[in-house]
Amino acid sequence: MSKCCTLGKNPFIRLRNIKKSFGHVVALDGVDLDVYPGEVTALVGDNGAGKSTLIKIISGVLYPDEGEISLNGKTYRHLTPPVAIELGISTVYQDLALVDCRDVASNIFLGREPLKARFFVDKKRMNRESEELLRKLKVSIPSVTTPVEFLSGGQRQGIAVARSINQQGKMIIFDEPTAAMGVGESARVLKLIRSLGDEGFAVLIISHNLHHVFSISDRICVLRNGRLVKDFRTENTNPDQVVGFITGSNQRTEEFRKGSTKA
Amino acid sequence: MQKYVQTDLTKIKLLTSHIFPQLLLILVMLIMVILLSVTSPFFLTWDNLRNIFDHSSLYIILALGMTFVISSGGIDLSVGAVAALSGVCMAAAMQGGLEAGLSILGGLIVGGLMGAANGSIISFLKINPFIVTLGVMSLSRGLALIITGGIPIYGFPRDFTWWGNGHIGPFNPPMLLAAFLTVLAAVVLNMSRFGYYTLALGGNEEALRRSGVSIHLYKIIVYILSGVAAALGGLVVTARLNTAEPLAGWMLEMDSIAAVVLGGTSMKGGKGSVAGTVTACLLLGMLRNGLVILSIPSYYQQLVIGIIILAAVIIAEVRSGKNLAFINK
């Protein structure tokens, strides 16, 4: 694995030797991954390569069988969703995990509603801060009191991102953010993700679309059969090379054989 | 330009689809009031209206708890039986020499415990609420029969029967209890963090969990609320009749569910209306009262009430379905 050229920077999160199996299926087979602040790191790989399992472990939804997660100078065996959120890890899931029938502000503040008089939800403050946040992210919606079920895919994505930032997220994980999205909408969402990286967030993104990956990422990590097989700087590689690593055609014969017997 | 026009239309449609069930209820209610007061001189008298409020108060108390449960995406079939069990427990405690206040408290705790049992099994073991509460329903009814030996307990101190037949000015305690709980429920559901989480549970439980909220805790509290509401219903029934019947509150769960759904709370969860529930309870109370005044045989009353519930639910559903289709275009 090539050590990255982010010298002088400390990784926001450091994963070491993460292993996870479901029954007899090995999903992750000793993955090492560092994610740096101010960078967009793309995680690519074929279906079943273990991308989703890896981000679920980072966000605390799944516990690894083996391995360590280091963060803020502390080492954890596993995280739980509340702990991950507290440590600043927010995930924008593929299904966005929005409560469709609730309005935009309620979704952005889900789980951290401000209170007044220690009992009443401070709706005015929620609306005001949601508007501010969405304006900063350049997400345009009709009103923060609209139920999210009436919004478009891009708008919903924007709201999910706003919620992540509102959870005081320092690292934001995106699972297939542009899946099932139109061209214009994808472009807007990608711009939003890129701008998060530029603002200093540690961004980890899973995508199948290499074109999107190349247009916004600083680093590309390739997962194959549960292993991190390559860690590129985006400017030092090209789509053909990445595809080669995704499919395994660039691998040495020995590793290739190993991989195919496993599959 | 075009986008903004669309947005405005969406908003208007949104508003009407949200308020529509309530508007429909109020409309039906007005028509009924007019029809009944034209056909019977007794209908629009204070005594009769008081009667309606008095009778509806029991349904309102139970349906408020049910509003929370259904908003959270669940259902509670045990409320009628839990009401009976709580009433029986209060009666047995008083028979054993405990004073009224403590007996009532004990009965409410029993209701809360049954709710906690419902909520814990549903949440921790992830079993369908329909099945769990059906089991707890049978269990509670069985316990009530065992405690009483199947024979009603009657004759309670005045401190206790006051809760059914007392007077506070022109009102009686059940009415005021129902009114107080209505305000409380409306505030909690719409303005508290617990209310937000109740609706989020019904809308998308997984989203709430991923936001770091303990969904077990809130789910269990929802069912405890319903259990305590049922126990308060048990208090009202027992005090009113001065009798604790193990078979009291028969089918009360169905009346509560009907009122909640009629009031515009979505069976899918995520949307709940306290005002709608209370309006629906009053409407059903008025309907029962009207059918009696018009001396319609009781077999027909069941039939008429069933038809009206079906019609109202179907109309509301078709209406909101149309709205959604319109917006999605």
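Hi everyone, let's start where the two chains meet: 26 residues of chain B and 30 residues of chain A take part in the contact, and contact means heavy atoms within 4.5 Å. Together the two chains bury about 2300 Å², with 66% of it on carbon and sulfur atoms; buried area is the accessible area (1.4 Å probe) that two parts lose on being put together, summed over both.

A quick word on the model: it is predicted, so local features need pLDDT of at least 70 and side-chain atom pairs count only at pLDDT 80 or more, while totals for chains, interfaces and linings use all residues. Residues are numbered from 1 along each chain as its sequence is written, chains are lettered from A in the order in which they are written, and side-chain values use heavy atoms, without hydrogens and water.

Back to the interface. How many salt bridges cross between chain B and chain A? The rule finds 3, where a salt bridge is a side-chain nitrogen of Lys or Arg within 4 Å of a carboxyl oxygen of Asp or Glu. Arg193(B) and Glu113(A) form a salt bridge through their side chains, at 3.8 Å from N to O. On the side of chain B that touches chain A, α8(B) gives the largest share, 11 residues; helices are DSSP runs (H or I, at least four residues), numbered from the N terminus.

Finally, please find Leu235(B), in helix α9 of chain B, residues 215-241. Is Leu235(B) buried or exposed? Its relative accessibility is 1%, so Leu235(B) counts as buried, meaning under 20% relative accessible area (1.4 Å probe, protein chains only), with exposed being over 50% and partly exposed in between. Beyond neighbours within four places in sequence, Leu235(B) touches Met90(B), Ile104(B), Phe160(B) and Trp163(B).

Technical notes:
Helix = DSSP H or I, 4+ residues; strand = E, 2+ residues; numbered from the N terminus.
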